[in-house]
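Here's a quick briefing on the fold, the pockets and a few contacts worth a look. Have the viewer open as you go.

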Amino acid sequence: MTSLSNTVAIVTGGSSGIGKETALTFAERGARVVVADLDKEGGQAVVEEIEAAGGQAVFTETDVTDPDSTEAMVETAVEEFGRLDYAFNNAGIGGTQAPIHEIEPEDWAAVVDVNLQGVFNCMHAELQQMQSQEDGGAIVNNASVLGKVGFEGASGYVAAKHGVLGLTKTAALENGETGVRINAVCPGFIETPLLEAGGITNDPDLRKMIEERHALNRLGTSEEVADAVLWLVSDEASFVTGEALGVEGGYLSQ
């Protein structure tokens with residue numbers, strides 16, 4: 001297990017689900033963590049949990065759709081802890097489920113604004129800071145297995161996650177000589193509050209159908225995604241950049 005002592009990490013969407021688990025895992029490995037989210041109560045609770053375990057963390061209220069807010073997020077990391085080594089751009093929403101011809105354009109745009117524009121806004125600020133440091137850094141963007149395939153009724157989400165993979169690969173090419181590595185994780189269906197809000201985990205028949213789409217015949221866990229993120233930022237993945245790492249239980253093998 002790689003130690004991340006004396007490093008600094010940002011996690012967006014860090015108040016719950018995959019973001020929360022990744023923030024906790026960063027802290028367990030010794031990183032000082034900036035928990036960024038719109039959910040102030042949830043984010044503060046994660047900070048308190050980290051501090052209770054002997055770690056260091058700070059919450060910053062962040063709207064990833066607002067470039068000024070993501071700039072302030074990075075500034076918080078530098079002001080509080082002196083630098084920025086890692087970032088997990090995880091904030092996202094599921095959005096309205098409807099066929100393309102039925103969904104309201106503003107609902108579609110809202111999903112893309114958070115899930116794609118939000119990742120760009122975060123990277124824009126993070127890269128400037130990391131490039132100014134002698135030893136660079138590492139960024140992981142949370143895409144999805146749906147960034148590699150289609151899925152009925154989720155056009156905004158699917159389009160945005162495909163876009164995240166394009167952003168990731170482009171940023172990796174642009175930063176090959178800057179000391180900053182950029183990768184993405186592509187989770188399958190993970191047992192999180194977002195999935196619960198979509199009605200999947202509470203409907204036995206729907207849950208079974210979704211589970212059977214994975215070769216491992218189950219939903220994934222936030223811990224499994226967090227472990228993949230921590231590997232990608234670690235020195236163990238020092239020759240990995242521009243990768244879209246599937247954490248999807250064989251969803252794409254069916």
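This is a predicted model: local features need pLDDT of at least 70, side-chain atom pairs count only at pLDDT 80 or more; totals for chains, interfaces and linings use all residues.

Two strands are taken as paired if DSSP finds at least two bridges between them.

- Strand β5 (residues 137–142) and strand β6 (residues 180–187) run parallel, joined by six bridges.
- They belong to an open sheet of seven strands with parallel pairing, and the order across it is β3-β2-β1-β4-β5-β6-β7.
- At the edges you'll find β3 (57–61) and β7 (244–247); each has a single partner strand, so one side of each has no neighbour in the sheet.
- On average, neighbouring strands here are turned by 20° against each other, if you ignore direction.

**Helices on the sheet**
- Helix α1 packs on the sheet and touches β1 (8–12), β2, β4 (86–89), β5 and β6.
- The direction of α1 makes about 170° with that of β1.
- Helix α5 lies across β5, β6 and β7, and runs at about 160° to β6.

**The largest pocket**
- The volume of the largest pocket is about 1,100 Å³.
- Its lining takes in 47 residues, and those nearest the centre are Ile 93, Gly 94, Tyr 157, Leu 194 and Leu 195.
- Sorted by class, the lining of the largest pocket has 24 nonpolar, 18 polar and five charged residues.
- At least two lining residues each come from α1 (17–28), β2 (32–37), α5 (155–174), α6 (193–197) and α7 (204–212).
- Which element gives the most to this lining? That's α6, with four residues.

**The second largest pocket**
- The second largest pocket has a volume of about 250 Å³.
- It is lined by 17 residues, with Tyr 86, Asp 135, Gly 137, Val 233 and Asp 235 the closest to its centre.
- The lining of the second largest pocket splits into four nonpolar, eight polar and five charged residues.

**Aromatic pairs**
- With ring centres within 6.5 Å as the cut-off for a pair, the count comes to three aromatic pairs.
- Why is the pair of Phe 26 and Tyr 86 stacked? The ring centres are 6.0 Å apart and the planes sit at 15°, and planes under 30 degrees apart count as stacked.
- Phe 26 is in helix α1 and Tyr 86 in strand β4, so this pair ties together parts that are 60 residues apart in sequence.

**Around Val 240**
- Where does Val 240 sit? You'll find Val 240 in the loop between α8 (222–233) and β7.
- Leaving out residues up to four places away in sequence, Val 240 touches Arg 181, Asn 183, Trp 231 and Leu 232.
- Val 240 and Ala 172 are 68 residues apart along the chain, with their C-alpha atoms separated by 9.6 Å.

How values were computed. Residues are numbered from 1 along each chain as its sequence is written. Side-chain values use heavy atoms; hydrogens and water are left out. On a 1 Å grid over the protein atoms alone, a cavity is a set of points where a 1.4 Å probe fits but cannot get out, and a pocket is an open set with protein on both sides within 12 Å along at least five of seven lines; lining residues have an atom within 4 Å of a point. Grid points are joined across faces, edges and corners, and a volume is the space filled by probe spheres set on the points. Ala, Val, Leu, Ile, Met, Phe, Trp, Tyr, Cys and Pro count as nonpolar, Asp, Glu, Lys and Arg as charged, and the others, Gly among them, as polar. Axes are lines fitted to C-alpha atoms, for helices over the stretch in contact, and angles run from 0 to 180 degrees between N-to-C directions. Contact means heavy atoms within 4.5 Å. Rings of Phe, Tyr and Trp (its six-membered ring) pair if their centres lie within 6.5 Å; planes under 30 degrees apart count as stacked, over 60 as edge-to-face and the rest as tilted.
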